[in-house]
Amino acid sequence: MIHVAVLGYGTVGSGVVEVIETNKEAIDKRAAAKLNIKYILDLRDFPGDPYEDKVVHDFNIIINDPEVTVICETMGGLHPAYEFSKQALLAGKSVCTSNKELVASHGPELIEIARKNHCNYLFEASVGGGIPIIRPLNYSLTAEKIDSITGILNGTTNYILTKMDKEGADFEDVLKEAQEKGYAERNPEADVEGYDACRKIAILSSLMCGKNVSYEEIYTEGITKISAADFLYAKQMDKSIKLLAMSRDKEEGFFAMVAPFMISRSHPLYSVSGVFNAIYVHGNMLGDSMYYGRGAGKLPTASAVVSDVVDCARHPGKTIMCFWENDNVRVADSKKDQGKFFVRVNSAQKEAAMETFGSLAEINVGIVEEFGFMTQAMTEQEFHDKIEKIGGCINRIRIFSA
């Protein structure tokens with residue numbers, strides 16, 4: 001029997017218990033062992049809950065119980081999740097987590113501790129919720145040299161942008177609706193400013209490189225400046241606007257970014273709508289592949305955590321290989337990256353824009369006080385210099401090029 005402890009009995013933690021108990025017969029068969037939830041760690045009591053007798057308030061009870069061999073860390077945040085995870089791994093107990101913040105900050109350290117203590121630190125649920133993506137990168141695509149990953153990695157922002165696209169609504173109105181429906185937090189900063197997607201692409205980039213990509217080095221821009229008018233222009237160009245998290249291994253260096261992009265109807269990511277997520281991977285031999293599904297939510301995320309628990313049960317005393325070393329990859333300056341830009345300026349700036357940018361494509365949606373256009377390809381620095389020269393802009397959005 002595999003005795004499991006769950007740290008944190010919130011949305012994902014309660015989901016882990018529900019998945020294990022609901023699918024018990026199938027899970028036990030696939031794990032080749034019976035799984036038993038022995039402890040649930042939380043500060044609160046849960047009177048009337050079917051598992052209230054398993055709730056404890058002291059982590060030492062778990063760490064000192066030799067029967068517990070797998071721990072599900074679903075607390076979120078860095079502390080005390082980091083300390084508890086580290087103690088567990090040092091004691092030879094495997095840890096399965098959904099905590100993207102912790103994985104992005106301390107992933108290689110915790111993986112190394114697990115390796116030295118013949119256990120596992122697994123984090124399938126930290127990116128893409130229930131979408132399998134960590135295992136494909138670690139196992140299925142090992143024959144590939146992966147040179148780019150592009151993802152819609154945050155359900156909240158994708159829901160907001162989808163509603164804005166389909167209904168012509170403004171950002172603030174859709175955000176309020178998303179909060180009322182529970183798709184957005186009361187404080188939505190981590191989502192709408194792109195920080196959540198940044199941590200996730202840092203994890204994927206690290207697995208792509210086999211070395212550490214620090215999320216703090218990734219240029220990150222959210223969706224708060226996107227307006228209904230931007231979508232008018234996007235539709236005129238047969239495009240939509242998505243918050244994309246991407247990393248690309250190019251001859252000029254390793255580039256990573258999180259920002260809103262205009263994306264063409266012909267690209268598979270165009271049709272990813274609502275709270276769904278997708279990760280688009282390019283390998284030098286396979287070419288393109290895409291992984292799609294629910295990127296968040298109680299049961300999809302919990303399902304991914306439990307899949308890691310099953311992996312641990314199948315490999316007792318063994319470390320499942322994960323290629324993520326502690327050496328840092330230098331992320332190239334985003335100002336050197338190249339691409340096209342969609343730009344909105346005041347109509348009074350039209351002549352200056354045409355003179356400064358030279359060859360450009362005008363986009364007209366009938367807003368008389370504005371001049372919209374798409375630039376030729378140029379570096380981020382070149383664009384910045386040109387837009388400064390004409391006195392700034394109403395907004396600018398990058399054009400995605402696969």
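Predicted model: local features only at pLDDT ≥ 70, side-chain atom pairs only at ≥ 80, totals over all residues.

Biologist: How does one find empty space at all?

Modeller: Rolling a probe the size of a water molecule over the atoms shows where empty space is left. A cavity is a place where the probe fits but cannot get out, whereas a pocket is open.

Biologist: Which residues line the largest cavity?

Modeller: Among them are Y121, L122, I134, R135, N138, Y139, D308 and D311. Two or more lining residues come from each of β6 (121-122), α6 (134-140) and α12 (298-314). With four residues, α6 gives the most.

Biologist: What classes of residue make up that lining?

Modeller: Seven are nonpolar, one is polar and four are charged.

Biologist: What is the volume of the largest pocket?

Modeller: The largest pocket holds about 1200 Å³ of space. Its lining has 42 residues, and K100, E185, D196, A296 and G297 are the closest to its centre.

Biologist: Which elements supply at least two residues of the pocket lining?

Modeller: They are α1 (11-22), α5 (100-116), α7 (155-167), α9 (189-192), α10 (195-209) and α12. The largest share, four residues, comes from α10.

Biologist: And how does the pocket lining divide by class?

Modeller: The lining of the largest pocket has 13 nonpolar, 19 polar and 10 charged residues.

Technical notes:
Residues numbered from 1 in each chain as written. Heavy atoms only, no water. 1 Å grid on protein atoms, 1.4 Å probe; cavity = no way out; pocket = protein on both sides within 12 Å on 5 of 7 lines; lining within 4 Å. Nonpolar A, V, L, I, M, F, W, Y, C, P; charged D, E, K, R; others polar. Points joined across faces, edges and corners; volume = space filled by probe spheres on them.
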